Amino acid sequence: MMRAILGGTFDPIHWGHLRPALDVVQQLGADMLHLMPSAQPPHRDYPGATAEQRFAMASLAAQELPHCEAEAWELNQPRKSYTALTLQQLAQRWPNDTLVFLLGEDAFAGLPQWFQWQHLLDHAHFVVMQRPHAKRHYCEQLQQWLHGVEVQSIAALHDHHHGRVYLAQTPAHHISATAIRNAIQTGSPWQHWLPDSVADYITQHQLYR
Ligand code: ATP
């Protein structure tokens, strides 16, 4: 079984996360999509939702999508979220499955700053989703690393259990959680950027005001 895992702060989760992820899941023929909110550092410069609320919104989004569920693993850890450790532990939970971690180009460009980044592919593949305005020129270190691990077709991921990276062609969505929070504060329309149930939740709980 192939499991795609989309991690993120998801404050809130929106179509800019979900549409490219669903596109990759379809291209891959993956069996499941797991939406995994990360634990958040205590220092925040915006009025964000609580971990419980971010998980609730991911769960509502998952209910609207096929073969999709919210994953509470990182929120339940008594530590910061480190993807290398999370993937190691998820691989122990699902030893017979292939894990594919999804991330946007902007996040991918910062990979060399991630904890134990050279071990990120020890238990999973990575698929990079296109993101408008993200820089496409990666630093020398990342380019060199990519040279050794990149595959040129998504089908090639099925030939290996882990250890490969695919730069996917995904539809560009000009949506970010920051833009949604700003729109709520300034009274601009924002509901169309999220699944209806998530927009309703934000309104009911008066988030991001
Ligand atoms: P913020 O605006 O608060 O920084 P965000 O919308 O960028 O939030 P995150 O939860 O930080 O969302 O992102 C989770 C993952 O989804 C990251 O890998 C990010 O690159 C990716 N992502 C977010 N928005 C998009 C988008 N519009 N297109 C493609 N990937 C995206």
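This is a predicted model: local features need pLDDT of at least 70, side-chain atom pairs count only at pLDDT 80 or more; totals for chains, interfaces and linings use all residues.
The side chain of Asp-106 places an N or O atom 2.5 Å from an oxygen atom of the ligand. His-173 takes part through its backbone instead, with a polar atom 2.9 Å from a nitrogen atom of the ligand. How much of the ligand does the protein bury? Taken alone, the ligand exposes 610 Å², and 86% of that is buried by the protein.

Now let's step back to the surroundings. The space that the ligand takes is the largest pocket. Around the ligand there are 20 residues, and His-14, His-17, Asp-106, Ala-177 and Thr-178 are the closest. By class, this shell holds 11 polar, six nonpolar and three charged residues.

Which element gives the largest share of the shell? That is helix 6, with three residues. Other elements that supply at least two residues each include strand 1 (2-8), helix 1 (15-28), strand 4 (98-104) and helix 4 (105-109).

One last stop: the aromatic rings. The whole structure has five aromatic pairs. In one of them, the ring centres of Phe-101 and Phe-126 are 5.1 Å apart and the planes meet at 40 degrees, so the pair counts as tilted. Phe-101 belongs to strand 4 and Phe-126 to strand 5, so this pair ties together parts that are 25 residues apart in sequence.

Key. Residues are numbered from 1 along each chain as its sequence is written. Side-chain values use heavy atoms; hydrogens and water are left out. A residue is near a molecule or strand if one of its heavy atoms lies within 4 Å of it. A polar contact is a pair of N or O atoms within 3.5 Å; within protein, one must be able to donate a hydrogen and the other to accept it, and residues adjacent in sequence count only if both atoms are side-chain atoms. Accessible areas come from the Shrake-Rupley method with a 1.4 Å probe; for residues, only the protein chains shown count as cover. On a 1 Å grid over the protein atoms alone, a cavity is a set of points where a 1.4 Å probe fits but cannot get out, and a pocket is an open set with protein on both sides within 12 Å along at least five of seven lines; lining residues have an atom within 4 Å of a point. A molecule sits in a cavity or pocket if more than half of its atoms lie within 2 Å of its grid points. Helices (H or I, at least four residues) and strands (E, at least two) are DSSP runs, numbered from the N terminus. Ala, Val, Leu, Ile, Met, Phe, Trp, Tyr, Cys and Pro count as nonpolar, Asp, Glu, Lys and Arg as charged, and the others, Gly among them, as polar. Rings of Phe, Tyr and Trp (its six-membered ring) pair if their centres lie within 6.5 Å; planes under 30 degrees apart count as stacked, over 60 as edge-to-face and the rest as tilted.
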